[in-house]
Amino acid sequence: MTAKTTVERFRAAIDQGDVAALDDLFTDDTILYSLAKLKPLEDKQMILGLFDVLLRTFEDFRYVAQYTGVAATSADGTEAPSEVLVFRGTVNGQEIHGIDQLYFADDGRIKEFSVFVRPLSAAQALSEAVLARLAEAGLATAPTAE
């Protein structure tokens, strides 16, 4: 599998809402940096669970651009093939603009995934909605009111 093939399959799975199709696109030790958690996710099943929640949380998620290159990974700073996918979507009436940055292992699968979103109000709305749904799915503790 090549990085290009992985990205094509990834985008198709997201467009079709098919989380099961994502399973073999990630390495077993994939790291995901999200906006909702300070520490990265390092459990593949949790990452797949997060994608399931995200697909149910966004009202009109779509990728609008794609850029190919090489970038230093966050995990260890080594350079790896990389794709940046620019997206738009809506969560609870808030329009979100963001990017997904994918880094690839030698076998073409995703070894690191970083998510960046804006504006702050939309990032907060997305974070709250995702954390609540993760808790409903038993994948995280329920958020508490302060």
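Relative accessible area sorts residues into buried (under 20%), partly exposed (in between) and exposed (over 50%), with a 1.4 Å probe and protein chains only. The model is predicted: local features need pLDDT of at least 70, side-chain atom pairs count only at pLDDT 80 or more, and totals for chains, interfaces and linings use all residues. Residues are numbered from 1 along each chain as its sequence is written, and side-chain values use heavy atoms, without hydrogens and water.

**View A. The salt bridge between Arg-56 and Asp-52 in helix 2**. The closest N and O atoms of the pair are 3.4 Å apart; a salt bridge places a side-chain nitrogen of Lys or Arg within 4 Å of a carboxyl oxygen of Asp or Glu. About one helical turn separates the two residues, because they lie four residues apart in helix 2. Helices (H or I, at least four residues) and strands (E, at least two) are DSSP runs, numbered from the N terminus. Arg-56 is partly exposed at 43% relative accessibility, and Asp-52 is partly exposed at 32%.

**View B. The salt bridge between Asp-28 and Lys-44**. The N to O distance is 3.4 Å. Asp-28 belongs to strand 1 and Lys-44 to helix 2, 16 residues apart. Asp-28 is exposed at 61%, whereas Lys-44 is buried at 12%.

**View C. The largest nonpolar core**. Such a core joins buried Ala, Val, Leu, Ile, Met, Phe, Trp, Tyr and Cys residues through side-chain atoms within 4.5 Å. Among its 33 residues, Phe-10, Leu-22, Phe-26, Phe-51 and Phe-113 touch the most other members. Helix 2 supplies the largest share, six residues.
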